[in-house]
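These are my notebook entries on a structure that I looked up entry by entry. I begin with the chain as a whole and then turn to the ligand and a group of strands.

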Amino acid sequence: MSRQQQAVVRARKAFETGRSRPLEYRIHQLKNLQRLLNERRKEIVDALKKDLKRSDESSQLFELVTVEAEINLMLKNLKEWASARPASKTLVTLADTVYIQPEPLGVVLIIGAWNYPWAVTIQPLIGAIAAGNAAVVKPSEVCVHTAKVMEELLPVYLDKELYPVVTGGVPETQELLRQKYDHIFYTGNSTVGKIIMEAAAKHLTPVTLELGGKSPCYIDKNCDISMACRRITWGKYSNCGQTCIAPDYILCEPSIQDRVIEEVKKSIKEFYTDNPKTCPDYARIINQRHFKRIMNMMEGSKIAVGGDNDESDCYIAPTVLRDVKPEAKVMQDEIFGPLLPIVLVSGLDEAITFINKREKPLALYIFAQDDKMIKKMRDQTSSGGLVANDCLQHFAISSLPFGGVGNSGMGAYHGKFSFDQLSHLRGCLIKKLNNEAMNSMRYPPHTPKKLDWVRFFVLKATGMGWMKPVMLLALLAMVTAVVLQMSDVAGFTYE
Ligand code: NAD
C-alpha cells in the first residue's frame with residue numbers, strides 16, 4: 001500500500017470510530033490548532049520568509065491573523081451551526097417535526113496552493129474539523145519550507161490519524177487522487193482544477209474548487225484617483241502580486257491613464273521605498289519557473305513604471321504597463337506577479353463588455369463615487385466576489401462566501417460557509433405513526449374529493465400570502481386544532 005493510500009485508509013478508519021463527531025472533540029482539536037499557531041509562530045513565519053521572502057509582519061497580517069480569526073469564529077459559533085436547524089412547515093406537515101441536521105461528510109482531501117499556504121490549506125482544514133470530518137492535508141510542494149513545517153507540526157498538535165499531512169508533488173497528489181473521498185477541496189489553477197474534477201468524478205465525489213483567473217479593476221475618471229491607486233497598489237503588489245484576488249489589470253479611460261500611472265508610482269514609493277528590492281515588505285516570486293513565466297508576459301508591452309528584475313533573487317520590481325492591447329501576452333493568462341497592465345476603454349459600458357467577453361473572474365473591482373455605476377457593474381457582470389473602492393478586503397469578511405464562479409471555481413468557504421460546505425445538510429422529517437386522517441387524502445383509491453383536499457392544503461394554503469395576518473393566523477389555529485385533535489403530538493426534540 002502506498003504512503004498516500006495508507007494515510008487515507010487510516011483517516012477513514014479513524015472517522016469510522018466516530019471520534020471526530022462529538023462537538024467537544026472538534027473544539028479540542030480547534031483549540032490545539034490555535035495553540036500550534038501561538039506556540040510555533042516563529043517556525044511558521046520563518047518558513048514563509050524562506051519560501052516567499054515575506055517579512056514576519058506581512059505573513060501574520062496576510063494569513064495568520066485570518067486563520068486565527070477563523071478558529072475563533074468556529075469556536076464561538078460551532079454549537080449553533082452544528083445544531084439542528086428548524087425548517088418551515090406547510091399545513092400538511094404542521095404536526096410533524098421538520099428540520100435540517102448538519103452531519104459530517106466523512107474524509108475530506110484538502111489540496112493547498114503555495115501563495116498563502118496557511119490561509120488556503122489550514123482554513124479549509126478548520127472547516128473540515130468543525131464539521132466533524134477527517135481530513136487528509138496536502139500542502140503545496142512549491143512552498144518547500146512551509147510544507148515541511150506543516151508536515152512536522154500538525155501531527156504534534158492534532159489527531160494524526162484523523163488529520164494526516166501528506167507531502168509531495170504531482171505524482172504523490174495523483175496517487176492521493178486515486179483514493180476515494182467524501183469531498184475534495186482544491187485550491188490552485190484552473191488547469192489542475194479540471195484534473196481534480198475528473199478524478200473526483202470517478203467516485204462521484206463533490207468538489208470545492210478555489211481557482212484563479214484575471215480579476216479586472218475599473219477606475220472611473222470622476223473618482224478620487226489618488227485614493228483608488230493607493231488601494232490598488234496595495235492589492236496588486238502585496239505578496240509580490242501572487243494573490244488569487246489581486247487586481248490583475250486596470251480598465252480606464254485614456255484621459256486618466258497618466259494620472260493613474262503617477263499615483264501608482266507615488267504609492268509604490270510610499271509603501272516600498274525608492275528601492276523595493278531592499279524593502280523588507282516587498283516579497284519575491286516563489287521560484288525561477290514563475291519568474292521566467294512572468295518576465296515572458298511583459299514582452300511586447302510598454303513599461304511605464306518598474307520593469308527591473310534580478311533572476312538570481314527572483315525579484316521583479318512593482319511594474320506598470322501602459323496602453324496595453326487586449327491581444328498582448330500579458331492579457332492572455334492570470335499574471336500572478338507584480339505587473340499591472342492598463343487597458344484603455346471608452347467608459348463603464350465598454351469595460352463591462354470587455355469583462356463579459358472573458359471568463360468569469362474570481363474578484364471584480366470598481367472604483368467609482370457614483371453608486372449607480374457600482375450597481376450597474378454589479379448587475380451587468382458576474383464574478384466570485386465584487387468589491388467597490390477597495391481591494392482584497394472581502395477575503396477577510398467571514399460573513400461573506402469566498403469562492404469563484406465559472407472558470408474561477410465552484411463552492412465557497414469562510415466562516416459558516418466553510419462549515420456548510422463541508423457538511424451534509426440532511427433534511428429530516430419526523431412523523432408519528434398516528435394522525436392517519438391527514439394522510440388518507442394521498443392514499444388510493446385516488447378520488448376527485450381527495451384531490452380537492454390535496455389542492456387545498458398544498459396549493460391554496462401555500463398561496464395565502466395575500467391574506468391579512470390575522471385571518472391567516474385564525475385559519476392556521478383552526479387547522480392546528482383539527483390536526484392536534486387527530487394526532488397525539490408529543491414534542492420531539494432534535495438532540
Ligand atoms: P500549486 O502549483 O501549488 O498547485 C496547487 C496544488 O495542486 C498543489 O498542492 C500541487 O501539488 C497540486 N498539483 C499541481 N499539479 C498537479 C497535477 N498535475 N495533478 C494533481 N495535482 C497537482 O499552485 P498553483 O496552481 O500555481 O496556484 C496558483 C493558482 O491558484 C492561481 O491561479 C491562483 O489564482 C489560484 N489560487 C486561488 C485561490 C482561491 O482561493 N481561489 C487561492 C490561492 C491561489
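**Entry 1: the chain**

I counted 17 helices and 17 strands in the protein chain; helices (H or I, at least four residues) and strands (E, at least two) are DSSP runs, numbered from the N terminus. I noted that this is a predicted model, in which local features need pLDDT of at least 70 and side-chain atom pairs count only at pLDDT 80 or more, while totals for chains, interfaces and linings use all residues. Residues are numbered from 1 along each chain as its sequence is written, and side-chain values use heavy atoms, with hydrogens and water left out.

Along the principal axes, I found that the C-alpha atoms of the protein chain fill a box of roughly 80 × 55 × 35 Å. Of the 495 residues in the protein chain, 52% are buried (under 20% relative accessible area, with a 1.4 Å probe and protein chains only).

**Entry 2: the shell around the ligand**

I looked up which residues come nearest to the ligand: among the 28 around it, they are Ser140, Glu141, Asn189, Leu211 and Glu334. A residue is near a molecule if one of its heavy atoms lies within 4 Å of it. By type, I recorded 15 nonpolar, nine polar and four charged residues in this shell; nonpolar covers Ala, Val, Leu, Ile, Met, Phe, Trp, Tyr, Cys and Pro, charged covers Asp, Glu, Lys and Arg, and the others, Gly among them, are polar.

Helix α7 (170-177), strand β5 (183-187) and helix α8 (190-202) each supply at least two residues of the shell, and α7 gives the most, with four residues. Domain 1 (3-211 + 416-425) and domain 2 (216-400) each contribute at least three residues; these bounds come from an automatic or database domain assignment.

I then checked polar contacts (pairs of N or O atoms within 3.5 Å). Polar side-chain atoms lie 3.0 Å from a ligand oxygen atom in tryptophan 114 and 2.6 Å from a ligand oxygen atom in glutamate 141. For asparagine 189, a side-chain N or O atom is 2.6 Å from an oxygen atom of the ligand. Taken alone, the ligand exposes 850 Å², of which the protein buries 93% (Shrake-Rupley method, 1.4 Å probe).

**Entry 3: strands around β12**

I recorded that β9 (residues 302-305) and β12 (residues 319-322) pair in the antiparallel sense over three bridges; pairing requires at least two DSSP bridges. Here isoleucine 303 stands opposite leucine 321 in β12.

β12 also pairs with β13 (residues 339-344), in the parallel sense and over three bridges. In β13, leucine 339 is the bridge partner of threonine 319.

Methods:
A polar contact is a pair of N or O atoms within 3.5 Å; within protein, one must be able to donate a hydrogen and the other to accept it, and residues adjacent in sequence count only if both atoms are side-chain atoms. Buried means under 20% relative accessible area, exposed over 50%, partly exposed in between (1.4 Å probe, protein chains only).
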